[in-house]
Amino acid sequence: MNVALYQPDQPQNAGTILRTGACLDIPVHVIEPCGFPFSIKAFRRSAMDYADLATINHHADYTAFENTCRKAKQRIILLTTKSDCSYLDFKFKDNDVLMVGSESSGVPENVHNNADARITIPMRTEARSLNVAMSLAMVLGEAIRQTEHSNKLLNT
């Protein structure tokens, strides 16, 4: 299991996701351009000392990220409000990459259409969206449950 941040523009959310990745032994992909300077020093401020525990994969752009995933035979699973497929009904695989879009603009149409699957968190119709770090944590929890990643962590 991996997670990916598409052009993140909030360092606090990126730091929260890095901390989640570090604690759960989940690699984090950061896809440029970011809305803030990308550096471990910057992430240390928002992720505290967890940035040193995180596995961070830095990609210059979406094409580089996609090429990495395709070579590794990983599915790109996009968390989006523009889907009818609930994450609770989705069948996750061990090597999936859960991707969230930029906090301010999501992902462009070509990235949305290029994802291997698009899943959503069911919520009230009058609500726009949840925070990306919160959304990713919810979906990652279900993906971990399905793939038994937590058992692997407990047995190491």
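Predicted model: local features only at pLDDT ≥ 70, side-chain atom pairs only at ≥ 80, totals over all residues.
1. A polar contact is here a pair of N or O atoms within 3.5 Å.

2. After H5 comes Glu148, with a positive phi near 60°.

3. The buried residues of H5 include Val132, Ala133, Leu136, Leu140 and Ile144.

4. The axes of helix H1 (residues 11-24) and H5 approach to within 9 Å, crossing at roughly 20°. Angles under 35 degrees count as roughly parallel, and H1 and H5 are therefore roughly parallel to each other. Their crossing is right-handed. On the H1 side the contact is made by Asn13, Thr16, Ile17, Thr20 and Leu24, and on the H5 side by Val132, Ala133, Leu136, Leu140 and Ile144. As a general point, an α-helix has 3.6 residues a turn, so residues three or four places apart point the same way.

5. Asp96 sits in the loop that links strand E4 (76-79) to strand E5 (97-100). Its relative accessible area is 0%, and Asp96 is therefore buried, the cut-off being under 20%. The Asp96 side chain reaches the backbone nitrogen of Lys93 at 2.8 Å. Leaving aside residues up to four places away in sequence, Asp96 touches Met1, Asn2, Arg75, Ile77 and Phe90.

Note on methods: Residues numbered from 1 in each chain as written. Heavy atoms only, no water. Buried < 20%, exposed > 50% of the residue type's maximum accessible area, 1.4 Å probe, protein only. Helix = DSSP H or I, 4+ residues; strand = E, 2+ residues; numbered from the N terminus. Polar contact = N/O pair within 3.5 Å; in protein donor to acceptor, adjacent residues only side chain to side chain. Contact = heavy atoms within 4.5 Å. Axes fitted to C-alpha atoms, helices over the stretch in contact; angles between N-to-C directions. Parallel < 35°, antiparallel > 145°, perpendicular 65-115°, else oblique. Left-handed = near helix turned anticlockwise from the far one by under 90°.
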